[in-house]
Amino acid sequence: MPHHASRYLAEGPRAGIRHFTYEDGAEFTARARESKQLHQPWLFPPDSAGAYAAYAGRLIEDPSKAGFLVCEKAPENGADGALAGYININNIVRGGFQCGALGYGAFAHAAGRGLMREGLDLVVRYAFGPMRLHRLEINVQPGNAASIALARACGFRLEGFSPAMIFIDGAWRDHERWAITAETRAPG
C-alpha cells in the first residue's frame, strides 16, 4: 500500500486540520453561503471571492493570526474531503502571554457530526505543541448554545462574563469567556 504524504498539520480518525490557502476560496464561500441560516446571528464568514481573498490573506500573512480549515477525511484513503468548518486563532500575543483567542464555525453539512470537536481538539493540541502557546480563549455570545457546548466538550472552562465586549452585526454583544491552558488540557 503506497504511503501518501498528508497535507494535514494534525489529524484524527475522521478529521484533519490544515492552513487556509487562497485556492480554498470557491469551496469555502459556497459552504458559507449554504450555512447562512446556521451561522447567523453569530457568524458572518466571507461568502464572496473578494471577501474570502481578504479574509484568507489576513490569516495567511499576519503573524498574530493562524487559520485552520477542518477537513473531513475521505474514508477510502485519508485524502482531503469536504471542508467541515474553520478555526482561527486571533490576537496571538507572544512574550510572557503566549496566548490567542479562538473563533470558529462549522459548515451546515458537518454540524452535529463531531467533526468540529475533533478539529478543535487538534487545533488545541497543535497550538500547545508546535505553536508553543500556553493559553487559548473563546469568547461566546451567551445564546450560542452549540458554541458553548463545543468549548465545554473540548475542556475549556468558563472564566467570566464580559458585557458589550465585541461589536457584531451592528451592536455591542455580551460574551462569556472560556479558556484552557497547556496545564489544564487533558492529555491525549
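Are Phe20 and Tyr52 buried or exposed? In this predicted model, both residues are buried.

## Aromatic pairs

The model contains 10 aromatic pairs. One of them joins Phe20 and Tyr52 in a stacked arrangement, with 6.3 Å between the ring centres and 25° between the planes. Phe20 sits in the loop between strand 2 (15-19) and helix 1 (25-34), while Tyr52 belongs to helix 3 (residues 49-61); the pair thus links distant parts of the chain, 32 residues apart.

Tyr52 also pairs with Phe28, here in a tilted geometry of 5.2 Å centre to centre and 45° between the planes. Because Phe28 lies in helix 1 and Tyr52 in helix 3, this pair ties together parts that are 24 residues apart in sequence. Phe28 has a relative accessible area of 0% and is therefore buried; Tyr52, at 2% relative accessibility, counts as buried. Through ring pairs, Phe20, Phe28, Tyr52, Tyr55, Tyr86 and Phe107 are linked into a cluster.

## Nonpolar cores

The largest nonpolar core comprises 35 residues, and those with the most contacts inside it include Ile89, Leu102, Met131 and Phe156. Elements that each supply at least two residues of this core include strand 3 (66-73), strand 4 (80-93), helix 5 (145-153) and strand 8 (171-181). Helix 4 provides the largest share, nine residues.

Met131, when its neighbours within four places in sequence are left aside, is in contact with Ala66, Phe68, Ile89, Ile92, Arg94 and Tyr126. A second, separate core has 13 residues, among them Phe28, Tyr52, Cys71 and Tyr86.

Key: Residues numbered from 1 in each chain as written. Predicted model: local features only at pLDDT ≥ 70, side-chain atom pairs only at ≥ 80, totals over all residues. Heavy atoms only, no water. Phe/Tyr/Trp six-rings, centres within 6.5 Å; stacked < 30°, edge-to-face > 60°. Helix = DSSP H or I, 4+ residues; strand = E, 2+ residues; numbered from the N terminus. Buried < 20%, exposed > 50% of the residue type's maximum accessible area, 1.4 Å probe, protein only. Core = buried A, V, L, I, M, F, W, Y, C linked by side-chain atoms within 4.5 Å. Contact = heavy atoms within 4.5 Å.
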